[in-house]
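Me: Hi! I have a structure open and would like to talk it through with you. Could you help me read it?

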Protein chains: 2
Amino acid sequence: MPLGRRRPERADAARNREQLLAAARAMTAELGADKVTMDGLAERAHLGKGTVYRRFGTRAGIFHALLDDDEHAFQEQVLTGPPPLGPGAGPVERLIAYGRARTEFLAAHYVIARAALDRTRPVPAGEGTGFTRAHIRMLLGQAGLAATDLDSLTVQLTGALEAPLLILLSPPGQAPDPTPLADSWQTLIERICRD
Amino acid sequence: MPLGRRRPERADAARNREQLLAAARAMTAELGADKVTMDGLAERAHLGKGTVYRRFGTRAGIFHALLDDDEHAFQEQVLTGPPPLGPGAGPVERLIAYGRARTEFLAAHYVIARAALDRTRPVPAGEGTGFTRAHIRMLLGQAGLAATDLDSLTVQLTGALEAPLLILLSPPGQAPDPTPLADSWQTLIERICRD
DNA sequence: AATACAACCGGGGTAAAGTCCGTTTTAGCT
DNA sequence: AGCTAAAACGGACTTTACCCCGGTTGTATT
């Protein structure tokens, strides 16, 4: 079955990836995210360190991979799910729904989402925020705000939505209550978009 | 001159701190912030690594210290300078002025401000944002927004103001143009605060 | 089935952050 | 001036992310 262009994943590689993800999940649950080391993960999965690195590229990549399934499902809901989160509602309504959903998503995945931030690499700073940024930009465009620099506004709203949970609210142990932030996001958007 | 409660800084400590700051500034200028290592800095300043750590505590602390003078001057302008940045103007006007000044400050100190973010410690995530947060909170309170959760709104606006320059806009080499962000901040605030 | 080649595996190696603790220097006090 | 406690010093040590490369295994082709 040589379909597509990319060679399918090798059987041993797939097996190892499962082992690594399972081990990572278990270690995160047992010891906390910051106790998950490359060496420890490799040993626990009965694999070499080099294998871990090839799979995930970087320490943050582990948590990125752990997040991946849920993140996919989340984006799916936004792109093709029922309104108001999915298409079919007005842009302002969708912006509000997106902020609420994203806030709850980040709070629900608090530990892993924070660990998925790459804290050592210089370049890929705003990694997971690409989708949020693109989506906000699109909806702002549809909302038809008069004479505004939508690109800058998009960046700022992305910061307003993601920074509190990812950066600003410190306690790394437990997630903050997302409800006040989600409500506040709603008033923020309503006030910005009314004319 | 044993005034106050704290013992004054010892002469050798003061001398060494000057050496370290000078070396850090030079290395940052010559090699870039990410090439400044604790070992390299210690060697360049002809001091031991332990000394570097006692002074700055952490790698980010180096850049925090480098920023300190300017940061102080900035806060001074906000607290006691002329309006609209300083006291004397209306809260909305001051919010706008603060955002503009802060954006320009962050852009002017782009490399160092980003390097001052501690990317490894779990706790002190939003370190430099404390002043911004407190100031925004105060002005929002004065602005008298009707029935709003001002604490959550403050956190989000802090994210909107600082995250773009510190996190979201990636290229670590050069600062982005602060003007569009400052303008966008103004419309953001104006739209939020009108009633 | 045999072969070639690409992908994968493993573990030892490097660099840099952060810690520790015995030694040295300083400043106030007598 | 001499004493002493506190502060500063320095460099060896530990930990951990990330790199490298020779050997091995899986997959496509003949």
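Me: Which helix does B:Arg102 lie in?

Reply: B:Arg102 lies in helix 5 (residues 91-108) of chain B. Helices here are DSSP runs of H or I with at least four residues, and strands are E runs of at least two, numbered from the N terminus. Before we go on, this is a predicted model, where local features need pLDDT of at least 70 and side-chain atom pairs count only at pLDDT 80 or more, while totals for chains, interfaces and linings use all residues. Residues are numbered from 1 along each chain as its sequence is written, chains are lettered from A and ligands numbered from 1 in the order in which they are written, and side-chain values use heavy atoms, with hydrogens and water left out.

Me: Thanks! Is B:Arg102 buried or exposed?

Reply: B:Arg102 counts as buried because its relative accessibility is 3%. Buried means under 20% relative accessible area, exposed means over 50%, and partly exposed is in between, using a 1.4 Å probe and protein chains only.

Me: What does B:Arg102 touch?

Reply: Leaving out residues up to four places away in sequence, B:Arg102 touches B:Glu71, B:Phe74, B:Gly128, B:Thr132, B:Leu161 and B:Glu162. Contact means heavy atoms within 4.5 Å. The side chains of B:Arg102 and B:Glu71 are also joined by a polar contact of 3.1 Å. That term means a pair of N or O atoms within 3.5 Å; within protein, one must be able to donate a hydrogen and the other to accept it, and residues adjacent in sequence count only if both atoms are side-chain atoms.

Me: Changing topic: where is the kink in helix 4 of chain A?

Reply: That kink is centred on A:Asp68 and is about 45°. The bend at a residue is the angle between axes fitted to the seven residues ending there and the seven starting there.

Me: And what do the buried residues of helix 4 of chain A pack against?

Reply: They pack against helix 1, helix 2 (38-44), helix 3, helix 5, helix 6 (110-115) and helix 7 of chain A. The buried residues of helix 4 include A:Phe63, A:Leu66 and A:Glu71.

Me: On to the DNA. How many residues surround DNA strand D?

Reply: 26 residues surround DNA strand D, and the closest are A:Met38, A:Tyr53, A:Arg59, B:Asn16 and B:Arg54. A residue is near a strand if one of its heavy atoms lies within 4 Å of it. Of the atoms of DNA strand D that come within 4 Å of the protein, sugar and phosphate account for 70%.

Me: Which helix gives the most to that surface near DNA strand D?

Reply: Helix 3 of chain B does, with five residues. As for phosphate oxygens of DNA strand D, one is 3.2 Å from an N or O atom in the side chain of A:Thr58, and one lies 2.9 Å from a backbone N or O atom of B:Gly48.

Me: How many residues surround DNA strand C?

Reply: 23 residues surround DNA strand C. Sugar or phosphate makes up 61% of the atoms of DNA strand C within 4 Å of the protein, and the rest belong to bases.

Me: What is 3.1 Å from a base nitrogen of DNA strand C?

Reply: An N or O atom in the side chain of A:Arg10. A base nitrogen of DNA strand C is also 3.3 Å from an N or O atom in the side chain of B:Tyr53.
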